Amino acid sequence: MPRHIYSLSAHVLLSLIRNWARPRREDKLSGPIKLHIGGQVAHPEWQIYDVRPGPLVDFVGDCADLSLFDDESVAEIYASHVLEHLGY
């Protein structure tokens with residue numbers, strides 16, 4: 001496959017993954033949520049937001065872009081061991 005086609009395909013795929021959100025527990029979304037960025041362990045009070053889809057991930061996206069969430073829809077954010085993954 002020519003390199004430019006592979007690059008375009010990878011770009012489109014990454015864009016789809018970054019913009020895809022799938023609430024796993026809809027009943028928890030009735031009010032402001034607690035958002036755990038990059039979480040690896042499920043907790044009944046927290047929704048997990050990660051760049052990679054997975055069985056415990058509630059929302060998929062880039063932690064540098066929280067536009068997926070409406071204003072005042074998130075009450076708390078917990079992000080541990082995240083800064084080292086961001087460009088600066």
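Two strands count as paired if DSSP finds at least two bridges between them. Strands (E, at least two residues) are DSSP runs, numbered from the N terminus. The model is predicted: local features need pLDDT of at least 70, side-chain atom pairs count only at pLDDT 80 or more, and totals for chains, interfaces and linings use all residues. Residues are numbered from 1 along each chain as its sequence is written, and side-chain values use heavy atoms, with hydrogens and water left out.

**View 1. The sheet is open and has four strands.** Its order is β3-β2-β1-β4. The pairing is parallel. β3 (59-60) and β4 (74-79) are the edge strands. Each has a single partner strand, so one side of each lacks a neighbour in the sheet.

**View 2. Strand β1 (residues 33-37) pairs with β4.** The two run parallel over five bridges. Here L35 lies opposite I77 of β4.

**View 3. β1 also pairs with β2.** This parallel pairing spans four bridges. H36 faces I48 across the pair, with I48 in β2.

**View 4. β2 pairs with β3.** Two bridges join them in the parallel sense. D50 stands opposite V60 in β3.

**View 5. Strand β2 (residues 46-50) is mostly covered.**

Definitions and conventions
Buried < 20%, exposed > 50% of the residue type's maximum accessible area, 1.4 Å probe, protein only.
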